[in-house]
Amino acid sequence: MAKKKEVVGQIKLQIPGGKATPAPPVGPALGAQGVNIAQFVKEFNDKTGKMAGDVIPVVINVYKDKSFDFILKQPPVSRLILKAIGIDKGSQTPGPLTEHAVITEAQIKEIAERKGAELTAHTIEAAMATVAGTARAMGIVVKG
Amino acid sequence: MQYREVFCSIAPDQEEELHNRFAVLGFCSYAITTDYKTSTLSIYAAAADIPPAVHKILVEMELPVLANSDQSEAELLAETHSHHAFALTTSEPVFTVSPDQTGPHTILIPPSPAFGDGRHPATRLAAELICQAQPVGESILDLGCGTGILGILALKLGASAVDFCDYDADSVRATGSICNLNGIINPTVFSSDLLADVTQHYSFLIANIYADLLEQLLPSKKLRETVSGDCVLSGIHERHHEHIRTCITDAGYRIQAHLSEEHWHAFWIQPL
């Protein structure tokens, strides 16, 4: 078996699907770790071209020989919540957003399932509680 | 485009909250880098200003700003792109130097996906030192040649031969065609990661390749085996220049000349 390569750095970025460019933050963040930026940009855009419109979190592992690989993740919970209820921005101040900022239990379940293993929760109920907590922190009323 | 670059040190358990809160704002222009078990948040704010809502999150999460700097996009990219060339758009395709002794030399640099069109201080500083060193009759290796601009200059100044090498395939291709455009027929251009694939011997080295690579290159035995004489080193950001100075002395070289411009430094060194 090949020897496991040593990870020397990890970079986490949020990039719109299919739209990575060498402009900041991608270029400087990757360049500082010695990653081949052009290669990353091409591979990321190839893999995420179909996800245009979503902001995709990506975790890039950088190895000692400057080679890299990356893992695509689900968008942050807060982003999924906003998408589910169809509004652009969360509350800038604590308290309810507007009377329309309501999320249903079904929508929370859907997000919890989509996010799945990325949440630290062991059960779907615990995952839903995490999602509901994030929604409340954003000033969104949880119904049901 | 000017960017403000801001760094904060963060704890691992703050990452998820940061991702969530930035996502609510639709703010993506940041990176979290984990290096030797410490995590750093870097924010790149266009127009050299951090959005107030982002600043508010930093204050609320008690994340003090460790450092910040304002840089243009080209500077940010040039500083960090250490392992391959990157295209800087070229609107002035001519690079001219006028050393006192030999009159003006003009090099044609068309737009290409390679680094080095004479507008970056690192290139200009190296060019100035090559002019000072007068490499007449030298056999030269241009390591990290990019567009080939510095090696072409050395040939125009009277070097007997220049071999070009670069880690990046685009640069190897660009150098070949730019040499031809400047009247250099059949140049030797090859790909090499630092000196790994260099087999010939040279009397002079040009290396405009960024500090972290110079740090690897200077102490290596291969450098002394490959290059018997002077070296012009450039691409050294002011952050690293004291360290590179130490590396030069430790490797058994004497500094013949040192130039700096804006944040960039370059050295002409001679073996003791």
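Modeller: A charge is said to sit over a ring if NZ of Lys or CZ of Arg is within 6 Å of the ring centre and within 35 degrees of the ring normal. This is a predicted model, in which local features need pLDDT of at least 70 and side-chain atom pairs count only at pLDDT 80 or more, whereas totals for chains, interfaces and linings use all residues. Residues are numbered from 1 along each chain as its sequence is written, chains are lettered from A and ligands numbered from 1 in the order in which they are written, and side-chain values use heavy atoms, with hydrogens and water left out.

Biologist: Which ring does the charged end of B:Arg224 sit over?

Modeller: The charged end of B:Arg224 sits over the ring of B:Tyr253, 4.6 Å from its centre. In chain A, the charged end of A:Lys47 sits over the ring of A:Phe70, 4.6 Å from its centre.

Biologist: How many aromatic pairs are there over all chains?

Modeller: Rings of Phe, Tyr and Trp (its six-membered ring) pair if their centres lie within 6.5 Å, and planes under 30 degrees apart count as stacked, over 60 as edge-to-face and the rest as tilted; by this rule there are eight aromatic pairs over all chains.

Biologist: Why is the pair of A:Phe44 and A:Phe70 called tilted?

Modeller: The ring centres of A:Phe44 and A:Phe70 are 6.4 Å apart and their planes stand at 45°, so the pair is tilted. Ring pairs also link A:Phe40, A:Phe44, A:Phe68 and A:Phe70 into a cluster.

Biologist: What makes A:Phe44 count as buried or exposed?

Modeller: Buried means under 20% relative accessible area, exposed over 50% and partly exposed in between (1.4 Å probe, protein chains only). A:Phe44 has a relative accessible area of 0% and is therefore buried, and A:Phe70, with 10%, is buried as well.

Biologist: Why is the pair of B:Tyr210 and B:Trp264 called edge-to-face?

Modeller: The rings of B:Tyr210 and B:Trp264 have their centres 6.3 Å apart and their planes at 65°, so the pair is edge-to-face. B:Tyr210 counts as buried at 10% relative accessibility, and B:Trp264 is buried with a relative accessible area of 3%.

Biologist: How do you know that strand β7 of chain B is largely enclosed by the rest of the structure?

Modeller: Strands (E, at least two residues) and helices (H or I, at least four) are DSSP runs, numbered from the N terminus. Four of the five residues of strand β7 (residues 139-143) of chain B are buried, so this strand is largely enclosed by the rest of the structure.
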